[in-house]
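Biologist: I have not looked at this one before. Can you put it up and walk me through it?

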Amino acid sequence: CRYFIICTSVPIFIPPIFILHCVLTEEVAKPKVGLQSEEEPEVIEVKGFWGRLIKGCVADLINTLQGWESILLIPALLTVLDEQQNNLTLDQELLILALLYGGAKIVGRILSVFLLKYVSFRILQPLLSVIIASCYLSLIFLDHSLVITVVAMGIANMCFCVTRCELTLMEFDKHYFGTERLVLGAGVMSGCAMMGAAVGAIVASFLSSHQAVMVTFVLSCIQVVTFCFITER
């Protein structure tokens, strides 16, 4: 089962993205047909493209890792609690999973509409990353509490959804990458996000739940620092 999860999580379409980018560099000249717009396309140039790309890739990779890892981590945490306390029925576990997977993420999507509009990036995203790191830190020291586990993972999933929306917008932001290298930036960031999904599946599958929580906590702290250095948005 673990190897199946890894095989289905590995982004096999990343190499074709780079192949297409390297091969299709010249555009075929097409005859101009019909009326042409007198307005020239907007050209936006940015400084420090590679630095922007590295920061965006790190943030995107860690964010996707958090989301995909939680799919396997939450059932593992509930299994550990069930073995220690023996008071969870199957119906209760399914209800908890529905709340954490569906309810928390729906609330996070709704909140993202308002938070991304009225709160600046440099305030919102580091704050959300600190909240996620705090949630995983609480699981490290209070991993035997069902209430703490449900609340912490619920809050972490809500914050993940808000950050996921922001990073998706960043991938296609011409003011962040510039118009000349927008396609390259979006492709590399999307590829790193898929790599994060694969790494998250591996961490949750092959490490114990406690070890997976500790790894995610460390990566969440790195995400906090990364968002603090993204000053271009």
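Modeller: Start with α5, which has 21 residues and spans 30 Å from its first C-alpha to its last, close to the 30 Å expected at 1.5 Å a residue. The expected span is 1.5 Å times one less than the number of residues, and helices are DSSP runs of H or I, at least four residues, numbered from the N terminus. This is a predicted model: local features need pLDDT of at least 70, side-chain atom pairs count only at pLDDT 80 or more, and totals for chains, interfaces and linings use all residues. Residues are numbered from 1 along each chain as its sequence is written, and side-chain values use heavy atoms, without hydrogens and water.

Biologist: Which residues of α5 are buried?

Modeller: Among them are F121, L128, I132, Y136 and L139; buried means under 20% relative accessible area with a 1.4 Å probe, protein chains only.

Biologist: What does Y136 touch?

Modeller: Leaving out residues up to four places away in sequence, Y136 touches partners including Q66, L73, M153 and F217. Contact means heavy atoms within 4.5 Å.

Biologist: And how many residues are in the largest nonpolar core?

Modeller: That core has 23 residues, and its largest share, 7 residues, comes from α5. A nonpolar core is a set of buried Ala, Val, Leu, Ile, Met, Phe, Trp, Tyr and Cys residues joined through side-chain atoms within 4.5 Å.

Biologist: New topic. Where do α6 and α8 meet?

Modeller: L167, M170 and E171 in α6 meet L182, A186, M189 and S190 in α8.

Notes. Buried < 20%, exposed > 50% of the residue type's maximum accessible area, 1.4 Å probe, protein only. Helix = DSSP H or I, 4+ residues; strand = E, 2+ residues; numbered from the N terminus.
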